[in-house]
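Subject: Structure handover

Hi,

Here is the structure I promised to pass on. Please open it first, then read the notes below.

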Amino acid sequence: MADTYDLIVLGSGPGGYVAAIRAAQLGLKTAIVERESLGGICLNWGCIPTKALLRSAEIFHYMKHAKDYGLAADKISADISAVVQRSRGVAKQLNQGVTGLMKKNKITVHMGQGKLTAPGKLTVTGDGKAEELTAKHIIIATGARARDLPKLKADGKRVWTYRHAMTPPEMPTKLLVIGSGAIGIEFASFYNDMGADVTVVEMLDRIVPVEDADVSAFLEKAVKKQGMTVLTGAKIEAIAAGDSSVTATIKDKTGKAIEAEYSHVIVAIGIVPNVENLGLEDVGVEPDKRFHIKTDEYGRTNVDGIWAIGDVTAPPWLAHKASHEGVIVAEAIAQALGNGDVHPHPMDPNNIPGCTYCHPQIASVGLTEAKAKEAGYEVKVGMFPFIGNGKAIALGEQEGFTKTVFDAKTGELLGAHMIGAEVTEMIQGFTIGKTIETTEAELMHTVFPHPTISESMHESVLAAYGRALHI
Amino acid sequence: MSINIQMPALSPTMEEGTLAKWLVKEGDKVVSGDLLAEIETDKATMEFEAVDEGTIGKIMVAEGSQGVKVGTVIAVLIVDGEDAGAGPASQAEDPVPKAKAEPLETAPAPQAEPAPKADPVPARAQGDRIKASPLARRLADAKGIDLGSIAGSGPKGRIVKSDLEGAKEGVAKPATAPSAAAAKPAAAAAKPASAPVASAGQDFGIPHEAVKLSGMRKTIARRLTESKQQVPHIYLTVDIRLDRLLKLREELNAALTARGVKLSVNDLLIKALGVALMQVPECNVQFAGDTLLKFQRADISVAVSIPGGLITPIIPGADSQSVAAISIAMKDLAARAKDGKLKPDEYQGGTASLSNMGMFGIKQFEAVINPPQAMIMAIGAGEQRPYVVDGALQIATIMSATGSFDHRAIDGADGAKLMAAFKQLVENPLAMLT
């Protein structure tokens with residue numbers, strides 16, 4: 001007799017395990033299926049372990065600049081294997097945390113590869129055994145993986161994806177990073193801080209191309225100052241991996257071909273959703289052109305009882321987007337099963353913040369200035385540099401700014417863009433503002449604590465209306 | 001010592017009012033009970049009396065100011081022992097700190113949650129807080145949309161930007177409105193919370209006069225819009241033979257002349273509606289979100305036309321009052337309504353309404369329900385019509401009466417029962433007098 005559940009979640013990343021917990025809270029008999037490690041990529045191979053690595057790089061950076069603060073640190077060095085070990089330890093700790101959360105919420109964990117055999121039915125194959133499970137509802141939360149270069153598959157030796165880059169067998173000396181999105185630029189930053197000679201290649205005309213153009217320009221200047229080579233509007237013409245190095249021919253934006261040899265390459269040109277071997281085609285779930293599963297705003301696929309969340313669905317591909325979708329879908333399922341007390345509300349993609357932990361950090365929410373204009377808004381833009389902020393100067397972190405974009409007609413906060421120290425911890429302020437549909441009036445009326453870098457948020461709002469105080 | 005005189009809350013739901021007229025001037029001595037000012041609320045003009053004895057030191061809010069929030073300091077009273085002459089100048093600064101401290105203590109009283117028993121509210125009743133995002137409030141203000149008429153899609157029914165996108169705008173707005181609104185956030189914030197139903201209209205270049213809406217007109221506009229948008233109306237019409245009632249009225253009036261009472265047909269219809277509602281309690285109800293209030297008394301709101309609008313004074317317990325008492329009360333209420341002197345508790349409440357347009361020769365009409373009530377009876381003119389009695393054509397005095405019912409609370413069959421009971425009572429009027 002097959003085990004029967006109200007809900008089975010396929011995949012235990014930040015989308016899947018959060019959906020399972022919320023469903024369990026709502027009284028649903030819930031199971032989760034995971035083929036690798038509880039917590040998924042985010043916790044084991046993504047967000048969290050990279051933050052651990054970057055923290056080491058940051059402290060190393062401070063040690064190298066100890067003199068700036070009146071301190072001395074001689075003969076400093078980095079031990080990459082110890083740094084990686086710490087990062088793995090952090091991932092392990094959190095993985096155990098998720099195991100505990102599943103237990104606490106009485107969620108049954110089935111380890112193995114799940115495959116749909118019919119709506120409401122799936123088999124889980126693991127350890128050579130196969131078990132049959134049935135559920136009234138199934139959530140696909142299988143995530144995504146790194147996209148390979150068409151002609152060069154990452155093998156973990158000289159050609160890496162983020163996953164290899166997280167547990168490097170050796171420290172790269174000369175590193176080529178292909179792609180300057182969040183993943184590419186974070187690893188470029190990490191290895192640059194750790195002492196590698198780093199080149200970043202971006203096909204588009206600026207790095208971190210989803211961010212506001214002012215942020216891209218500022219970051220490019222900052223990382224170049226740190227010694228990074230940045231090639232924008234550039235294309236990989238040819239690339240070949242040998243035993244001890246990778247040779248690449250890069251055509252830069254002027255059309256000039258640059259041929260160079262690198263010790264390692266990190267490929268960070270996007271993701272592909274994990275939709276294979278799930279039995280999706282058998283039950284009739286339709287992917288879009290790029291193989292992401294199509295859903296409505298509540299996560300429903302085209303097949304009744306099958307839902308999807310996170311990286312396997314439409315962008316943005318961010319852990320917190322997946323988690324929030326997990327909550328919405330769990331509530332929608334509880335409602336479908338007759339719970340009248342839950343009222344899921346769809347998420348507005350414009351209110352999902354994005355954080356990039358390069359050095360300096362980037363955080364943003366909502367429309368960029370260019371996108372706002374494209375959408376037909378008449379905008380008011382405020383910009384406040386950290387050099388005008390006392391706390392930033394005291395910290396020696398005066399590199400950065402806060403930029404806000406408002407609808408000139410209504411005062412609606414359309415977007416906020418920050419670069420500099422600790423901005424990833426501050427963007428939630430603007431996100432709350434956007435979620436409750438604030439206008440400039442409430443933001444101006446808010447008392448920001450002194451001395452904090454967050455005062456730059458206030459100032460940038462004031463600046464949009466010509467009222468900045470410290471500039 | 002000086003005392004701040006604040007804008008009073010003249011009714012439980014009053015949030016602001018118009019300072020229509022000052023009855024005192026700076027330097028006047030007043031004692032408790034003296035009339036200080038006339039305050040116009042959305043429905044009535046009321047006199048505001050002094051509580052303390054002293055001298056009017058300074059008038060802070062000018063006569064004719066609209067949208068004065070409850071709790072706003074409108075004048076400063078200098079209590080004895082001080083030189084009144086020195087008052088205004090030296091006291092001028094005093095009101096400021098006072099004004100900050102005092103409204104905090106006194107303002108919550110009128111704004112506190114309406115007592116659940118006394119003023120049960122449907123999903124969103126008058127005076128209820130409207131949940132809306134700051135952006136939604138600003139957009140509604142700019143577009144002249146009444147937030148009270150919008151259903152919110154955000155958490156717990158909060159009104160958000162997208163809810164306003166499909167909403168009907170208060171006709172076209174002047175081209176300068178949006179930028180003006182954006183440029184003046186302070187002014188926008190200071191605007192009264194009660195949004196006008198519509199912003200400036202389109203005149204198409206036709207010569208016209210623009211008349212500023214009175215508080216009453218704004219309230220009528222808002223409440224009737226609310227009613228038609230939120231309350232599903234059904235209408236049931238009956239023809240009622242009046243001859244016996246007219247005859248009875250003649251006889252009663254002859255007997256009552258000595259007491260100086262002259263019954264109108266309407267007085268008898270008020271009684272009839274009250275009794276009918278008690279006979280058919282399914283119609284003496286109010287739809288209140290997830291509950292239904294079934295009233296044990298029939299308080300009839302009677303529509304009275306007054307200059308600049310309409311008001312509905314109430315005959316409480318119309319079912320149990322004598323018609324003479326109803327008649328006397330109605331005369332007094334109507335007279336004071338025309339002078340704008342009704343007290344809020346005389347026109348707020350009621351379990352059902354009666355609107356009579358017979359005197360204007362209207363044959364039949366459908367009235368808009370007066371929320372949160374669930375029914376209104378619309379009375380047409382009594383007129384001689386060919387009428388079939390016992391299979392033979394006769395001439396009889398007939399009036400058409402149409403009940404409008406809130407279909408959320410009242411089923412058609414129950415509405416029909418009420419109409420039948422009403423007809424029965426009017427056609428056999430002796431029954432309701434006993």
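The contact between the two chains comes first. In this predicted model, 13 residues of chain A are in contact with 15 residues of chain B. On the chain A side, 5 of the touching residues are charged, 5 are polar and 3 are nonpolar.

Now chain B. Its secondary structure comes to 14 helices and 19 strands. The chain has 434 residues, and 36% of them are buried. Take the contacts in chain B with a separation of 6 or more: 66% of these link residues 24 or more positions apart.

Next, the cores. The largest nonpolar core holds 134 residues. Ile8(A) and Ile139(A) have the most contacts inside it. Helix α9 of chain A, residues 319-336, gives the largest share of this core, with 9 residues. There is also a second, separate core of 78 residues. Among its members are Ile5(B), Ile39(B), Ala298(B) and Met377(B). As background, nonpolar side chains tend to be buried together in soluble globular proteins.

What does Ile139(A) touch, leaving out residues up to four places away in sequence? Its partners include Leu7(A), Val9(A) and Leu10(A). Gly16(A) and Ala19(A) are also among them.

Then a sheet in chain A. It is open, has 5 strands and pairs antiparallel. The strand order is β18-β19-β22-β21-β20. The edge strands are β18 (354-356) and β20 (379-385), and each pairs on one side only. On average, neighbouring strands are turned by 10° against each other, direction ignored.

Look at the β20 end of chain A. Strand β21(A), residues 401-407, runs antiparallel to β20(A), and 7 bridges join the two. Here Gly382(A) stands opposite Thr404(A) in β21(A).

Which helix lies across β20 and β21 of chain A? Helix α14(A), residues 455-464, does, running at about 140° to β20(A). Is α14(A) mostly covered or mostly open? Mostly covered: 10 of its 10 residues are buried. They include Glu455(A) and Glu459(A), as well as His458(A), Val461(A) and Leu462(A). The buried residues of α14(A) pack against β20 and β21, and also against α12 (423-435) and α13 (440-445), of chain A. Just after the helix, Gly466(A) takes a positive phi of about 70°.

Best wishes

Key
Residues numbered from 1 in each chain as written. Chains lettered and ligands numbered in written order. Predicted model: local features only at pLDDT ≥ 70, side-chain atom pairs only at ≥ 80, totals over all residues. Contact = placed C-beta atoms within 7 Å. Nonpolar A, V, L, I, M, F, W, Y, C, P; charged D, E, K, R; others polar. Helix = DSSP H or I, 4+ residues; strand = E, 2+ residues; numbered from the N terminus. Buried ≥ 20, exposed ≤ 12 C-beta atoms within 10 Å, placed from the backbone. Core = buried A, V, L, I, M, F, W, Y, C linked by C-beta atoms within 7 Å. Pairing = 2+ DSSP bridges. Axes fitted to C-alpha atoms, helices over the stretch in contact; angles between N-to-C directions.
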